[in-house]
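Please look through the structure below before reading on.

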Amino acid sequence: MARGPSPTVRRRRLASELRRLREAAELTIDEVGEKLECSASKISRIETGHVGVTPRDVRDMLEVYGIEDDEREALVQLSREARKKGWWHAYNEVFTGSFVGLESDASSLHTHQALLVPGLMQTEAYTRAVHRAIRPDSTEADVERRVKARLTRQKLLTDPHPPAYWAVLDEAVLHRTVGSPEIMRAQLERMLELGALPHVTLQVVPFAAGAHAGMECPFLILGFPEQADPDVVYVENTTSGVYLEQPSDVHRYTLMFDHLRAAALKPDDTVVMVERAADRLA
């Protein structure tokens with residue numbers, strides 16, 4: 001996996017720009033659909049990034065919006081780049097939605113987990129044990145496919161140009177033995193290795209902190225290097241996830257993460273706690 005421009009992010013940027021240009025042209029979705037002899041729902045799905053858009057469709061839409069040649073060609077080229085397949089398409093039965101595409105192009109990742117070690121920090125054995133536990137009806141082949149996909153995704157943290165990664169975990173994550181004591185000890189040691197990387201910050205919210213802002217659900221805040229690509233919050237559950245892009249939602253989760261960082265142990269103290277948890281499993 002080579003880190004580089006994500007077609008998922010480019011499609012999101014293109015969708016936002018097409019919506020902005022339509023509104024600047026003072027046209028409704030219905031009016032655009034009528035002019036292009038297509039359904040309004042097609043224009044809506046394009047503008048929300050739910051479907052891809054062909055270069056021909058982009059050119060036709062921009063002509064309706066009165067966009068001149070240079071800007072038009074730049075956006076048509078963006079549509080071509082947005083249609084390329086990312087590495088994760090080899091695992092399309094594992095990765096659904098646009099999460100991995102967004103993650104692969106993020107410049108910062110701020111995550112909170114209360115029950116599990118975050119996916120990017122999991123060892124192979126821990127990942128395998130987790131998948132077997134949460135999907136007891138899965139075949140071994142399916143589990144191994146998911147493990148391989150997770151390991152490929154983890155290369156993001158060791159890329160020559162990795163994102164700034166900040167994980168805040170509940171102390172319960174350290175004490176829940178997943179797989180076996182040996183597997184869990186190796187997992188804790190892996191967290192310490194990753195936490196020592198200059199672009200990784202690891203904190204634990206101790207039991208002594210009591211109730212905290214992240215008790216309701218795990219979440220991830222994805223930040224992007226380009227101003228044209230606003231931050232996204234991904235709130236996950238067992239089978240899927242919800243993407244939040246409204247500024248008010250992103251601000252709310254950013255504030256939650258700030259409260260979590262404040263309630264958590266400092267990174268150096270977190271190292272001591274993780275080391276003690278690993279020692280107890282020796």
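**From the chain to its helices**

Of the 282 residues in the chain, 44% count as buried. The model is a predicted one. Its chain has twelve helices and six strands. Taken along the principal axes, the C-alpha atoms fill a box of roughly 70 × 40 × 35 Å. Among the contacts in the chain with a separation of 6 or more, 74% are accounted for by residues 24 or more positions apart.

Begin with helix H4, which covers residues 55–64. Which residues of H4 are buried? They are Pro 55, Asp 57, Val 58, Met 61 and Leu 62. The face of H4 turned away from the buried side carries the exposed residues Arg 56 and Glu 63. Just after H4, Gly 66 takes a positive phi of about 75 degrees.

The next helix to consider is H5, residues 69–82, which packs with H4 at an angle of about 150 degrees, the two axes being 9 Å apart. Angles over 145 degrees count as roughly antiparallel, so H4 is roughly antiparallel to H5. H4 passes H5 in a right-handed crossing. On the H4 side, the contact is made by Pro 55, Val 58, Arg 59, Leu 62 and Glu 63. On the H5 side, the residues are Arg 72, Glu 73, Leu 75, Val 76, Ser 79 and Arg 80. By class, the residues of this contact between H4 and H5 divide into five nonpolar, one polar and five charged. Pro 55, Val 58 and Leu 62 are among the buried residues of H4, and they also take part in the contact with H5.

Now turn to helix H7 (residues 124–134) and helix H8 (residues 140–153), whose axes come within 9 Å and cross at roughly 135 degrees. That angle makes H7 oblique to H8. The crossing of H7 past H8 is right-handed. In H7, the residues that meet H8 are Glu 124, Thr 127, Arg 128, His 131 and Arg 132. Their partners in H8 are Glu 140, Val 143, Glu 144, Arg 146, Val 147, Arg 150 and Leu 151. Sorted by class, this contact of H7 with H8 has three nonpolar, two polar and seven charged residues.

A further pair is formed by helix H10 (residues 181–195) and helix H12 (residues 267–279), which pack at an angle of about 160 degrees with their axes 9 Å apart. H10 and H12 are therefore roughly antiparallel to each other. H10 passes H12 in a left-handed crossing. Arg 185, Leu 188 and Leu 192 of H10 meet Val 271, Val 274, Glu 275, Ala 277, Ala 278 and Asp 279 of H12. The contact of H10 with H12 has six nonpolar, no polar and three charged residues.

Finally, consider Val 100, which is found in helix H6 (residues 99–105). Is Val 100 buried or exposed? Its relative accessible area is 4%. Buried means under 20%, so Val 100 is buried. Val 100 and Arg 153 are 53 residues apart in sequence, while their C-alpha atoms are 7.9 Å apart in space. Arg 153 belongs to the span of H8, residues 140–153.

Technical notes: Residues numbered from 1 in each chain as written. Predicted model: local features only at pLDDT ≥ 70, side-chain atom pairs only at ≥ 80, totals over all residues. Heavy atoms only, no water. Helix = DSSP H or I, 4+ residues; strand = E, 2+ residues; numbered from the N terminus. Buried < 20%, exposed > 50% of the residue type's maximum accessible area, 1.4 Å probe, protein only. Axes fitted to C-alpha atoms, helices over the stretch in contact; angles between N-to-C directions. Parallel < 35°, antiparallel > 145°, perpendicular 65-115°, else oblique. Left-handed = near helix turned anticlockwise from the far one by under 90°. Contact = heavy atoms within 4.5 Å. Nonpolar A, V, L, I, M, F, W, Y, C, P; charged D, E, K, R; others polar.
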